[in-house]
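Let's walk through this one together, piece by piece. Have the structure open and follow along.

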Amino acid sequence: MRALILAAGLGSRFRSKKAKVLHTIMNKPMVWYVYQTIKELNVKDIGVVVGHQAEEVKKIFEGEDNLLFFTQKNPKGGTADAVISAIDFWRDYQGYLLVINGDNPLVKSQTIKNMQRYIHLVEEYENIKLSALILSSFFPDPTGYGRVVKDSQGNVIKIVEEKDASFEEKQIKEINGGVYLFYSPHLLNVIFSVKPSPVSGELYLTEVINLMSQRGFVVRSFMAEEQAEVMGVNNRWELAIAENVIRLRIIEKLAKEGNTIHQPETVWIEPSVVLEGDVEIEPGVAIMGNSRLGKGVRVGRGSIIQNSILEEGVIVEPYSVVKDSYIKSGAVVGPFAHVRNQSVVGERSHVGNFVEVKASNIGNQVNAKHLAYIGDATIGDRTNVGAGVVFANYDGKKKYQSYVGENVFIGSNSLIIAPIQIGSYSYIAGGSVINKNIEGGALAIARAKLKVLKDKGKEKLTQSEPGGI
Ligand code: UD1
Ligand code: CA
């Protein structure tokens with residue numbers, strides 16, 4: 001089998017500057033899903049017809065081999081014109097050509113396998129070589145789709161597009177799903193006889209079916225297992241619906257693989273995410289990009305994990321954001337924490353309430369439990385970062401690094417001004433402003449001396465005219 005994806009069209013119903021197939025579902029262009037489906041079939045020869053915004057469409061497939069691009073000169077030429085544009089891909093081919101609309105992201109590879117099987121069975125038991133097999137479904141409201149017209153034996157005579165359908169034809173509920181298996185020699189026999197539609201001037205691929213039937217070739221339709229599979233995405237509302245279908249499919253698969261997902265209707269997990277098992281996801285969580293969550297990880301309500309690795313047993317408490325970072329096993333992040341820009345949080349460390357960690361390397365068993373900013377810092381094992389500690393990494397022009405050793409105690413509300421080094425086992429007294437290197441084992445204290453004036457407070461509070469200090 002060879003496969004051809006039609007992705008040259010404009011998608012005017014999207015009312016967008018961007019070509020339709022570039023619009024994303026779970027952060028991947030919709031045509032990417034079509035390509036994945038074909039890849040699952042182990043098809044070696046894959047063609048893509050591009051036209052409108054061809055360069056951007058090609059970019060989606062960067063790094064993929066076995067892919068040939070064909071340019072449709074007039075992206076309004078119609079679906080048959082698109083297939084003709086790729087004639088070099090299939091003209092001499094003696095097998096079945098899978099043609100699939102690029103705006104049909106929901107079809108499953110298993111369904112296409114079943115279609116292939118059906119072709120074999122018909123060949124074997126009925127002695128009929130099918131010229132085309134069309135994926136179809138019954139829609140209660142078929143508006144907008146091509147209708148499948150059959151004869152009394154159940155063979156397809158033609159497909160009528162909505163615009164051209166008579167009143168009777170419009171009552172037909174079986175619709176063309178935009179996924180076809182064509183026997184290439186028979187497709188070649190008819191495709192150049194397709195005439196432009198009198199309504200739109202386009203060459204419709206569906207006309208091929210009418211011509212095949214007229215020439216005595218046998219065409220059948222094949223019922224999709226799931227109605228959604230034949231859904232074309234023609235506008236942004238259909239995009240939202242398709243996204244929901246794909247989102248739930250991903251979650252269903254992950255759940256069946258042994259991960260618990262609470263309130264799946266509120267959870268967003270992108271297709272490239274890996275959950276290694278026994279992961280627990282609370283409501284309202286988003287896990288994006290190339291994230292990998294190890295065994296037993298728990299992600300609390302409302303958290304966002306993006307392009308990050310969470311090792312075994314990590315707990316992300318509610319409403320935390322982890323981006324482009326690495327959280328080692330047993331660490332706890334959050335609630336309300338933000339870890340970003342290639343940060344590493346070591347084993348069994350705790351980055352807690354309202355703590356931001358940026359481009360920092362935090363060792364093992366480090367505690368930074370409340371209200372801190374750790375930016376461009378390296379922090380050794382077992383160090384304690386008190387509440388309200390700020391690493392001042394920016395002087396208004398440049399960013400600087402801080403190095404903190406092991407077993408350091410940084411008291412609450414200290415300001416660590418980078419560039420700086422703080423040695424192991426040193427002790428920074430709370431409220432200190434530290435702008436010089438501190439050697440290991442030292443106690444550093446830098447704050448205004450406390451004055452206590454006896455009875456002065458009460459005196460001030462009881463004065464008739466309140467005054468400041
Ligand atoms: C098409 C079918 C319709 C079917 C429906 C299923 C035709 C004439 N009609 O209608 O019977 O029910 O899909 O979803 O085929 N494209 C090109 N070049 C073009 C025009 C389109 O490459 O000149 C591509 C588009 O990028 C798109 C796909 O072909 O990915 C389908 O085109 P679209 O205009 O969406 O066809 P429909 O009107 O939905
Ligand atoms: Ca369509």
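A quick heads-up before we start: this is a predicted model. Begin with strands β4 (residues 45–50) and β5 (residues 67–71), which run parallel and are joined by five bridges.

Next, head over to the calcium ion, ligand 2. Which residues coordinate the calcium ion? Asp103 does it through OD and Asn234 through OD1, at 2.1 to 2.4 Å. Asp103 sits in the loop between β6 (96–101) and α5 (109–126), while Asn234 sits in the loop between β11 (218–223) and α9 (236–256), so the pair ties together parts that are 131 residues apart in sequence. Are these two buried or exposed? Both Asp103 and Asn234 are buried.

Finally, move along to the open sheet. Nine strands build it, with parallel pairing, in the order β14-β17-β20-β23-β26-β29-β32-β35-β38. At the edges stand β14 (274–275) and β38 (420–422); each has a single partner strand, so one side of each is left without a neighbour in the sheet. As background, strands of a sheet pair through backbone hydrogen bonds, either parallel or antiparallel. For a look at one pairing here, take β17 (residues 292–293) and β20 (residues 309–310): two bridges join these parallel strands. Leu293 stands opposite Leu310 in β20.

Note on methods. Residues numbered from 1 in each chain as written. Chains lettered and ligands numbered in written order. Predicted model: local features only at pLDDT ≥ 70, side-chain atom pairs only at ≥ 80, totals over all residues. Heavy atoms only, no water. Donors = N, O, S within 2.8 Å, 3.2 Å for Na, K, Ca; no water. Helix = DSSP H or I, 4+ residues; strand = E, 2+ residues; numbered from the N terminus. Buried < 20%, exposed > 50% of the residue type's maximum accessible area, 1.4 Å probe, protein only. Pairing = 2+ DSSP bridges.
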